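This report describes selected local features of one protein model. Please view the sequence and the structure together while reading.

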Amino acid sequence: MPEPLRNDVRLLGELLGTVLRESGGQDLLDDVERLRALTIAAASENGAATSIAHAEELIAGFTPERAEDVAQAFTCYFHLVNLAEENHRVRVLRAREAGLSPTQSRAEDSLPAAVAQLAGEIGTEETLERVRRLEFRPVLTAHPTEARRRAVAGCIRRITTLLERRELEQLGGVALADNTRRLLAEIDDLWRTAPIRTTKPSPLDEVRSAMGVFDETLFSAFPDVYRRLDGWVSGEDAGTEAPAIRPFLHLGCWIGGDRDGNPNVTADITRTATGIAHEHVVSAYQKVAARVSRTVTVAEASTPASDDVLALVARVRTVDPELVDALAARAGTETHRLALALVARRLDVTLDEGAPLAYRSADELHADLLTIQASLVAAGARRVAFGDLQDFVWQVETFGFHLAEFEVRQHSQVHRETLAEIAEATADGSPLDPAALGDRSREVLDVYHAISEIQDRYGVPAARRYIVSFTKSAEDLANVYRLAEWAAGPDGTLPVLDVIPLFETFEDLEASTDILEEYVHHPRVVARLAETDRRLEVMLGYSDSSKDVGPVSATLALYSAQSRIAQWADDNDIELTLFHGRGGALGRGGGPANRAILAQPPHSVDGRFKLTEQGETIAARYGNSTIAVRHIEQVAAATLLHGAPSVEARNAGAAERFTDLAGRLDEVSRARFFALVKADGFPQWFAHVTPQEEVGLLPLGSRPAKRGLSVSSLDDLRAIPWVFAWTQARINLTGWFGLGSALAGVGDLELLRDAYASWPLFSTMIDNVEMSLAKTDERLARRYLDLGDRDDLAELVLTELELTREWILKITDKERVLANLRVLGRAVQLRSPYVDALSLIQLRALRALRTGDLPEDEKATNQRLLLLTLNGVAAGLQNTG
């Protein structure tokens, strides 16, 4: 472990020990230390049973209160280790940047490296054109996979700030002592903060959490990325000439718009969500405008304002002469400063729609900024024009007045049922009376009214995408337009809609191009394609496809579907954007996004990448500005580089060369997966040997964890709790099951190693499975599986686990998983013994709950303990669903 990281972990661990001693006495600290020592010993004994049995004995002797305190102590430790590792990652990134000049090459997965490689293959001009067309669209979702409360996240942020200050300012003496005191206070606050929400968050709570990420990082991180790329592309001219690039980041949001299976998301919620976003972005602009106006202090004598800037001032004077006179008195002869101060004042009142000076649109604001910028350029103040003011221009171009492009999602079955109800209500030929419809159907129609209102207020980009989950036919997509017509007012006006199919199951992925071929001939789609230069978006679901046919077959089916859709789009002169519905966990398409991009089929990216960002991945990727910039740069670099001829040739050649191998992997892995999940009684057994039912009790998000009242089949269960439950049971089955049998079925080690070396899709899958196996613990998995009475299913899982590990190690030529991945291996090794402690506490509670009827007070006590450990294990593994 690097010494700075070791020092941070040691410091935070010691301070937590002090807090535990002060709060619960030396006995509490002793119990925590005894359990810690036993689980560390158990890990170092390579699976020897003695220490782990002693750990179980220790836990069995805890009172319920002591078990909760110990679980909370380990959970706090994980939060502290996580922030120490994040702090170290920032430290490393900053040190790396400090050692490079602007013209030096970066890491191979950086934007400069991608630009350089692309220029070497296709020339500088074509590369710059691709940079200008680049698009990266992260879409924030409220899928419930973030186990931390906002209050806990707040404690962590404050501790992180104190830890950074301790190092960056090289504190000593009184300042160091004060920093230590404040760290202790914050860690004490973290310890005393209830880790579990008492109630489920509402959709608007989820919206406000997302807005917190915008306020803290994204608003400033996006222009930082543009600045870095422009600096590399423009070289010495950067900051003195108009930028060589345009904004390529477009933030999307499902939060407040995704109503698939979530009755809490209504049309009014969507209206309010977009209003909250508007408030945040306008408030952010106002602060920037005020700051920039204070720094652009160029005098009229040296930098005369253009006639257009004078006209801008005059227009405001006609509305509020007193305001202009007051600000002019402060600005003196600094006319550009006056103009920017007026922009700031107009933004001040923009949230009041009736105010005479309010900006009516982001375009108005953008025009004023460009007017001021052009004036500065004309007067020779180019560095002022393309400094902070350019960052402001980029922000307005990126976020508009809507901040994020809100997307509506609804299940195709809901549309079908609503149309059937409408048909019944209008069967006699009478006009539709909404009062004749049920609540849900009226709500479906009101969504269209909300979309129209949002577009009128914030612009069409604010809400134009309508995603149809479980798209099974072109009719499912046409139904969105049919419903819009029923919702239209007397004048027949419809909102602008881009209806996006979401192909989720294996069957739907296979039928995707046939559905699209029929869909694009719908009259409204034909008209929309003409308006958008034939741009079309198609979404792919990773979660349900994996639950449908297993992780290996899903990976191959998704690749095949992308390849066919990309070819279909090319044949039909369509500019395609594939929208990847990826989760944070490997069983839901998780893993390093940049590697996943580079493994996609030729022409399936073409400089445009869109994916869902959810739960813990939002915090991990965007919670810190330095890490956010690095993540965005990696994804953007891979998006650019995917179109390099060398990458396209490699992917196309490998896909053709290993076609037979892919077929064999698909056939065997799917059969193995079906042998497990289609076995009689599997859903009930799964619910018994994992905390699946209890996951639904954890108030992570506003959306229900299952589609019905009980789980009688996997179809009833959402993909997130399916993944979450297996992760908690330390089995991680959703990330690897079926692969071992498939690899053994191929049996040709030389062929498999060749595929690992030269087929990006296969190597990415193998490396992701290796990561999943590293977080799997067979000793603990056996204990969970022993809770059930199906030895056949338990043995099937354990045999497949051993077979998968055996073949992964053979193919990668390693003695143990993650042997050559120092950073990731260290992170897993650092946490595993502590996660084991929480898992053993969880098993205590789970055994009690599975033994039969308990008195209500004992049941409640064990459920609470179980929920505490769910939260802690999620923090330890840094993974939920």
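The model is predicted: local features require pLDDT of at least 70, side-chain atom pairs count only at pLDDT 80 or more, and totals for chains, interfaces and linings use all residues. Residues are numbered from 1 along each chain as its sequence is written, and side-chain values use heavy atoms, with hydrogens and water left out.

**Helix pair.** Helix α12 (residues 335-350) packs with helix α13 (residues 362-378) at an angle of about 170°, and their axes lie 11 Å apart. Helices (H or I, at least four residues) and strands (E, at least two) are DSSP runs, numbered from the N terminus. Axes are lines fitted to C-alpha atoms, for helices over the stretch in contact, and angles run from 0 to 180 degrees between N-to-C directions. The angle makes α12 roughly antiparallel to α13, a term for angles over 145 degrees. On the α12 side, H336, A339, L340, V343, R346 and L347 meet E364, L365, D368, L369, I372, S375 and L376 of α13; contact means heavy atoms within 4.5 Å. The residues of this contact divide into eight nonpolar, two polar and three charged. Here Ala, Val, Leu, Ile, Met, Phe, Trp, Tyr, Cys and Pro count as nonpolar, Asp, Glu, Lys and Arg as charged, and the others, Gly among them, as polar.

**Strand residue.** D498 belongs to strand β5 (residues 498-503). At 14% relative accessibility, D498 counts as buried (under 20% relative accessible area; exposed is over 50%, partly exposed in between, with a 1.4 Å probe and protein chains only). Its side chain makes a polar contact with the side chain of R528 at 2.6 Å. Such a contact is a pair of N or O atoms within 3.5 Å; within protein, one must be able to donate a hydrogen and the other to accept it, and residues adjacent in sequence count only if both atoms are side-chain atoms. Neighbours within four places in sequence aside, D498 is in contact with R464, R465, Y466 and R528.

**Cysteines.** The structure holds zero disulfides (pairs of cysteine sulfur atoms within 2.5 Å). For C76, the nearest cysteine sulfur is that of C155, 8.9 Å away. C76 counts as buried at 1% relative accessibility, and C155 counts as buried at 1%.

Two non-glycine residues with positive phi are listed here.

How values were computed. Angles under 35 degrees count as roughly parallel, over 145 as roughly antiparallel, 65 to 115 as roughly perpendicular and the rest as oblique.
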